[in-house]
Amino acid sequence: MERKGTAKLDFLRKIELEIQEKWEKDKAFEHDAPTTVGESTNKNKYFVTFPYPYMNGRLHLGHTFSLSKCEFAVGYQALKGKKCLFPFGLHCTGMPIKSKAAAKSGSSAFQWDIMRSLGLKDDEIVEFANAEHWLEYFPPLAVKDLKQMGVKVDWRRSFITTDVNPFYDSFVRWQFVTLKERKKIKFGKRYTIYSPKDGQPCMDHDRQTGEGVGPQEYTLIKMKIVEPYTAKFKSKVFYSKNIFLVAATLRPETMFGQTNCWVRPDMKYVAFETNSGDIFISTSRSARNMSFQGFTKENGAVPVIMEILGQDILGSALSAPLTSYKIIYALPMLTIKEDKGTGVVTSVPSDAPDDIAALRDIKKKQALREKYGIEDKMVLPFEPVPIIDIPGYGNLSAPLVCDELKIQSQNDKEKLAEAKEKVYLKGFYEGIMLVDGYKGQKVQDVKKPIQKMMVERGEAMIYMEPEKQVMSRSADECVVALCDQWYLDYGDPEWKQQANEVLKSLETFCDETRRNFEATLAWLQEHACSRTYGLGTRLPWDEQWLIESLSDSTIYMAFYTVAHLLQGGVLNGQGGSPLGIKPEQMTREVWDFIFFKTSPFPKTDIPKEHLQRLRREFEYWYPVDIRVSGKDLVPNHLSYFLYNHVAMWPKDNGKWPQAVRANGHLLLNSEKMSKSTGNFLTLTQAIDKFSADGMRLALADAGDTVEDANFVETMADAGILRLYTWVEWVKEMIANQKNLRTGPADTFNDRVFASEMNAGIMKTEQHYEKMMYKEALKSGFFEFQAAKDKYRELAIEGMHRDLVFQFIERQTLLLAPICPHLCEYTWGLLGKTGSLMKASWPVAGPVDEILIRSSQYLMETAHDLRLRLKAYMLPPKNKKGDSKPPAKPSHCTIYVAKTYPPWQHSALSLLGKHYKSNNGVLPDNKVIASELGALPELKKYMKRAMPFVAMIKENLEKNGPRVLDLELEFDERTVLMENLVYLTNSLELEQIDVLFASEADDKVKEDCCPGKPFSVFRSEPGVCVSLVNPQPFNGLFSTKVDIRQGDSKDSIIRRLSKVNRLIKDLSRVKLMRYEDPILGPRRVPVLGQEEQGKLPISNKSVFNINLEEKRVTLADNGLTVDIGDTLVYLIQ
């Protein structure tokens, strides 16, 4: 969508740059802890953090959306009088930068294109082959982009991670030494997701796909191939070797029921030698996993003896553990998948629907057996073996359920999925074993013992593979490997319990986030914190290892509190320290003193007051008041954040995190953001396109919950227009303030506007408190502006100066957290001397809810009148089709009812009675209908009674119990009378009368009820008269106007002003008649003597008309004169 012009955008961008310069000069966002220790008890501070973004590219709109929540929170809390700190670090630890650097030096064309799209030239791209270049290139750009957005960040406290930064490196080493001493870090062989290509564990942040996926444990069942061998296994390479088909199962306890095993005829398998000299047969994918788990002689190498097709294995005789059949056979199954397990599948038809369906197929279909060379003796004698009794399904659950669901073959995929769902969970949790040695025991209790027994007997092994496919950033499919590694023991029961304590008092803003935390803390086990290469900090006690990126980023918020005094605004910490402290002086005891308030003063040559100042900064700013992040970090980073805080400060819960706000992903124009499809915006592109405030407005409007939010470009464009229009209006009001009304601000609409502003402030404050920025924008800008627009429209007597300027000031404050640049500019226009960044949230005055509702009633009535007027003007429906629309009405009578018609009154009373006695719940419509039918006054209204009840029920949900009130809480007639001029003008009528329904006929009484007035339009006849203006050069011409019976001078001037819009001030209009009504109009007026031959019409005069003769006379002081067909008007 091309823009027509960019003047409004340019105007906003110009303001933003000026304001940002002013903030920088004022050091508006730099805050230090107070020097007096006394203030640390009631701190009144707000410390907000955002997970430092990864420096392998420019910041994009997704980052910006999450961090905008921090930004809006700081803006609001500062207005509430809190001292706010929003620091911003930049993450460089780990693999992504390294793997990108490796890709640059390799032949990765795709990565090269991405770099080009960032505006880099080829000779610049070459330098990125060196990982250190990334650390110098992207961090300063991130800072520049964020400054353009106007974030309220204290940039003195920014830093990059890794051992490039000596202060941060020292901090992380201190943290890890402390954790190890507290027995949180352990060493050993652990199953972990591993990238063979990178030669090290592949953590969440190193993955292209499969974030959050862990190792899945299987029992590997060894089925020995016995004589007679099929052709393939007579080969020399197998001579005198034990050959096993190996099947991975999650249910070792069902092996007692094996009747055969399944192999896919067209799948490729490998036979490979294990470290015991036996031969295993599986897919090469699973063999690769096994080779990293100690199955083969050389770690990671699969010694393949032969590649075999599934069809060459079919018909093999097998000796399988635990089954009651001495020999079982390998049979064909066509639905085996290659991406899970080993490609060899055990068959237990008693308890597995897939197995019974496939076994029945091959028993029924002789042609299928012949196709794959399967003899009858391999299939027909084998029947399901009862091994488990499941309540409700008996001891052969799979055959039973397949019969119930009428499953015909193994291709009934949907029905089979349903069957599995029915049997598996119930079987596992409620099933009782029937086999000897385990009879009467619960299935879930014997699973582990049976697995253990089979492993000890050499009939099975433990095998692992990733739960789902995991691809590393170096485009390698990961395996599960048994690795030596240092790991954080998040599974430790005591530590887990402490993390749950933190969660209890943590504000999560929504239940889903809390549930995600609970689930994570429940399953979280060991987390490998070490790796062999990448960028980062070395493990202090074992320098061959580096600390990975999810482990050096758990308590670094504490580092923010002192970073500005150690590294003073130099990102890599290699500038001078403002306190003259050197990195090597930051010993373990020094860090202890700063962060643990019970630690003694260390042996050090750092001056005592400097160390006390560092400790004071930490003690003042901690704990973290809120951390904002995408919801995908709950299962890893945010949970580790809780664990590590409680590990470092176990006895000081005053240091534990206070709140976590997780949000969904950001869609761009309702679609996923993606560099490859081009639906992508970097932060700097978004600012260029929409201005900082325009972008911020659209980010606030994108959404608040953990569901995906949506940044809509048309919304951002509309935002630019809205902001521009708002500033223009403010300028217009300042220029025109002399013309605004003064005196008491007490008209109906003044009072409504004041109340609506107060209500808007209170509502917006609640939304900001809950961090619901879409809602805050709605109540604090869109609805707030709508209240002003309504006031402007309704205040016929003109807007009140005090209210207009009160509105501008309040609007500026309510919008300031979201659009700070424009609001700071408006603040200046209002002549305020201090910065808006030091201003206070507006105090809301009283809110008159009833008054606001009476104003809503007025708007609804005006809308209803417009619709009725439109309907009145439609041509009548007649057969001939020559119908003419009726003339535009001139008058309207509005009837208002004080009470409901009797039948409605009875129905409402009944509903009200039920509502009170039933705790706000109404009974079923059947009950209501029978009770209403029993009331004599409702006999003839029953057809209308139930629709009326339905309408009341619907309104009750929308507007609450006052819908059941029998009378309105305000006087309808008074409200309409106070706004009669507005209603008359907006409907372009001559006159509106407001009467009570009790004075009208029965039909009106029936159709009129409290809050729902009834209107009748009519056209009053009149005689047409010319109105002439003899004054030269004023652009006012002759006009024709109807004069009606009983008109006064004022009503004619009002009518004239409706026809002639140039007449603004009615008090300056003088109405006159000719002394000689016949000849007067024919005489040429004399310049400067426009009143000659004319007489003024007084306020007391009344016009009378004779319709037959089309004659108008004027009665004044008992005298009646004919006025002819022309009157004169002058503007004085």
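These legends describe an overview and several close-up views of one predicted protein model.

In this predicted model, local features need pLDDT of at least 70 and side-chain atom pairs count only at pLDDT 80 or more, while totals for chains, interfaces and linings use all residues. Residues are numbered from 1 along each chain as its sequence is written, and side-chain values use heavy atoms, with hydrogens and water left out.

**Figure 1. Overview of the protein chain, with 34 helices and 38 strands.** Helices (H or I, at least four residues) and strands (E, at least two) are DSSP runs, numbered from the N terminus. The radius of gyration is 42 Å, well over the 32 Å that the globule rule gives for 1132 residues, so the chain is more spread out than a compact globule. The radius is taken over C-alpha atoms, and the rule is 2.2 Å times the number of residues to the power 0.38. Along the principal axes, the C-alpha atoms fill a box of roughly 140 × 85 × 60 Å. Of the 1132 residues, 53% count as buried. Buried means under 20% relative accessible area, exposed over 50%, and partly exposed in between (1.4 Å probe, protein chains only). Among contacts with a separation of 6 or more, 75% come from residues 24 or more positions apart. Contact means heavy atoms within 4.5 Å.

**Figure 2. Surface and charge of the protein chain.** The accessible surface comes to about 51,300 Å². Carbon and sulfur atoms hold 52% of this surface. Areas come from the Shrake-Rupley method with a 1.4 Å probe; for residues, only the protein chains shown count as cover. The chain has 152 positive and 148 negative side chains. The centres of the two sets lie 1 Å apart. Lys and Arg count as positive and Asp and Glu as negative; His and the chain ends are not counted. Each charge is placed at NZ of Lys, CZ of Arg, CG of Asp or CD of Glu.

**Figure 3. Phe 159, in the loop between helix H6 (131-149) and helix H7 (166-181).** Phe 159 is buried, with a relative accessible area of 0%. Not counting residues up to four places away in sequence, Phe 159 touches several aromatic side chains, including Tyr 52, Phe 88, Tyr 168, Tyr 556, Phe 559 and Tyr 560. Gly 89, Leu 90, Ala 563 and Leu 571 are also among the residues touched. His 91 is 68 residues away along the chain, with its C-alpha atom 8.5 Å from that of Phe 159.

**Figure 4. Gln 567, in the loop between helix H16 (557-566) and helix H17 (588-595).** Gln 567 is buried, at 0% relative accessibility. Its side chain makes a polar contact with the side chain of Asn 165 (3.1 Å). A polar contact is a pair of N or O atoms within 3.5 Å; within protein, one must be able to donate a hydrogen and the other to accept it, and residues adjacent in sequence count only if both atoms are side-chain atoms. Leaving aside neighbours within four places in sequence, Gln 567 also contacts Ser 158, Phe 159, Phe 167, Phe 559, Gly 573, Gly 576 and Pro 578.

**Figure 5. Lys 788, in helix H24 (residues 773-794).** Lys 788 counts as buried, at 6% relative accessibility. Beyond four places in sequence, Lys 788 touches Trp 729, Phe 753 and Phe 807.

**Figure 6. Glu 769, in helix H23 (residues 748-769).** Glu 769 is partly exposed, at 42% relative accessibility. Residues up to four places away aside, Glu 769 touches Tyr 76, Gln 77, Lys 80 and Phe 509. The C-alpha atom of Val 237, 532 residues away along the chain, is 74 Å from that of Glu 769.

**Figure 7. Thr 1120, in strand E37 (residues 1119-1122).** Thr 1120 is exposed, at 54% relative accessibility. Ile 328 lies 125 Å from Thr 1120, C-alpha to C-alpha, and 792 residues away in sequence.

**Figure 8. Two cis peptide bonds, Glu 227 to Pro 228 and Tyr 622 to Pro 623.** Pro 228 sits in the loop between strand E6 (215-226) and strand E7 (243-249). For Tyr 622 to Pro 623, omega is near 5 degrees. Pro 623 lies in the loop between helix H18 (608-621) and strand E23 (626-630).
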